[in-house]
Amino acid sequence: MAKRINSTPKADNFRMPGEYEPQEKIWMLWPERPDNWRDGGKPAQKAFVRIAEAISRFAPVTMGVNRGQFANARNMLPAEVRVVEMSNDDSWIRDCGPSFVVNDKGEVRGVDWDFNAWGGLVDGLYFPWDQDELVARKVCEIENVDSYKTSGFVLEGGAFHVDGEGTLITTEMCLLSEGRNPHLTKSEIEQYLKDYLNLETIIWLPDGIDPDETNGHVDDVACFARPGEVVCIWTEDTAHPYYEAAQKAYKALSEAVDAKGRKLKVHKFAVPKKMVCIKGADGIDYVEGTIPREEGEMAIASYLNFLIVNGGIILPQFGDENDELAMEQAKAIFPDYEVVGVRSEEVAYGGGNIHCITQQQPKG
Ligand code: KQY
């Protein structure tokens, strides 16, 4: 039976592995929410199928699906993708799913953060979020994995990256936002991160690129390529909407020292040349309590929102002039990996990308 554990991963010698460490499987949730995805989620569902197929080449995929979409998802997805019924409010399992931790004996546990739809009643994106809040627990139950619950501490998986060796990167814009943990100081927030992910060093970047969506998740801006090396979005176009955030992130990372005392090597990573803008918004329902998505509005589109999975890099592609550049840069930064580009504008229209809709379960 999967139990709740009343201590912390740090106290029990569990740590969160880097995304480049071996993975058991990848979790996803099926899109259908008509007030977020256009045309009842049909175009997004096709994108999710392409992404699940690409990931399946490197690790098994399990897709959680709301009751009413089970038959359709099962029909659309290839046989190798496991489909399980799992109620949810939307498909962002990076954020509502568990963050898995492991120990040296090969045991795996989950960390179940409080989830409040990226800001709760202050600036959250939809209401209610009660089914999302249960996703981490359900995943742990299905996998028979014990879990820690951070009651009173709100966090999402897209808000941080770890190197697996005691270092985490995050943004002040997100973790210090009013809708997350206004009752905690910055050093109290650091202590939660250290206790629940078993860390020594937190590297703070100032800003993310989507203040109005996730309040600046780091997984659009920077990630670890391996211990001691990070990838950071970069543009020299001063008029680009991501320019300021990229500059600040690059500077913070270049000046940082990780938990092992290493100065980080920072790889520059392209951003789309032209902004991806929401299409087909007349096919999105308007519902009070959900942030409206407007025609032509800038969607957040970052190549850096890729997934690292057992020797594969699943890289967003937008039909942009810089798609090929991002592919080439990913191949150069990850020479031993196969880089697979997948068109994912439809995911961007919904507010995120490949990293946001996936959650890795590490091998024990
Ligand atoms: O990017 C994410 N991690 C989540 C975005 C949520 C968007 C909801 N419309």
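1. A nitrogen atom of the ligand lies 2.6 Å from an N or O atom in the side chain of Asn36. This is a polar contact, that is, a pair of N or O atoms within 3.5 Å; within protein, one atom must be able to donate a hydrogen and the other to accept it, and residues adjacent in sequence count only if both atoms are side-chain atoms. A nitrogen atom of the ligand is also found 3.4 Å from an N or O atom in the side chain of Arg293. An oxygen atom of the ligand is 3.2 Å from a polar backbone atom of Gly351. The protein covers 98% of the 300 Å² of accessible area that the ligand has on its own; such areas come from the Shrake-Rupley method with a 1.4 Å probe, and for residues only the protein chains shown count as cover.

2. Basis of the note. The model is predicted: local features need pLDDT of at least 70, side-chain atom pairs count only at pLDDT 80 or more, and totals for chains, interfaces and linings use all residues. Residues are numbered from 1 along each chain as its sequence is written, and side-chain values use heavy atoms, with hydrogens and water left out.

3. The shell around the ligand. How many residues surround the ligand? There are 13, and the closest are Asn36, Asp95, Gly350, Gly351 and Cys356; a residue is near a molecule or strand if one of its heavy atoms lies within 4 Å of it. The shell divides into 4 nonpolar, 6 polar and 3 charged residues. In this scheme Ala, Val, Leu, Ile, Met, Phe, Trp, Tyr, Cys and Pro count as nonpolar, Asp, Glu, Lys and Arg as charged, and the others, Gly among them, as polar.

4. Arg293. This residue belongs to the loop between strand 13 (265–269) and strand 14 (307–309). Helices (H or I, at least four residues) and strands (E, at least two) are DSSP runs, numbered from the N terminus. Is Arg293 buried or exposed? With a relative accessible area of 9%, Arg293 is buried; buried means under 20% relative accessible area, exposed over 50%, and partly exposed in between (1.4 Å probe, protein chains only). The side chain of Arg293 forms a polar contact of 2.9 Å with the side chain of Glu213. A polar atom of the Arg293 side chain also lies 2.7 Å from the backbone oxygen of Tyr349. Not counting residues up to four places away in sequence, Arg293 touches several residues, among them Asn36, Glu213, Tyr349, Gly350 and Gly351; contact means heavy atoms within 4.5 Å.

5. Helix 6. Which residues of helix 6 (residues 135–143) are buried? They are Val135, Ala136, Val139, Cys140 and Glu143. These residues cover an arc of only 135 degrees around the axis, so they are on the same side of helix 6; the arc is that of the directions from the helix axis to the C-beta atoms. Just after helix 6, Asn144 adopts a positive phi of about 55 degrees.

6. Ser147. Strand 7 (residues 147–154) contains Ser147, which is buried at a relative accessible area of 3%. The side chains of Ser147 and Arg4 make a polar contact of 2.8 Å. Beyond residues up to four places away in sequence, Ser147 touches Lys3, Arg4, Ile5, Gly110 and Cys140. Ser147 and Asn6 are 141 residues apart along the chain, while their C-alpha atoms are separated by 8.8 Å.

7. Thr62. In strand 3 (residues 61–65) the reader will find Thr62, a buried residue with a relative accessible area of 2%. The side chains of Thr62 and Arg82 are joined by a polar contact of 3.0 Å. The residues that Thr62 touches, not counting those up to four places away in sequence, include Lys25, Trp27, Arg82 and Val84.

8. Backbone details. Trp118 has a positive phi of about 65 degrees although it is not a glycine. Trp118 sits in the loop between strand 6 (108–114) and helix 4 and is buried, with a relative accessible area of 2%. Asn13, in the loop between strand 1 (4–5) and strand 2 (23–29), also has a positive phi, near 65 degrees. Asn13 counts as exposed, at 58% relative accessibility. A cis peptide bond, with omega about -5 degrees, joins Phe127 and Pro128. Pro128 is in the loop between helix 4 (120–123) and helix 5 (130–133).
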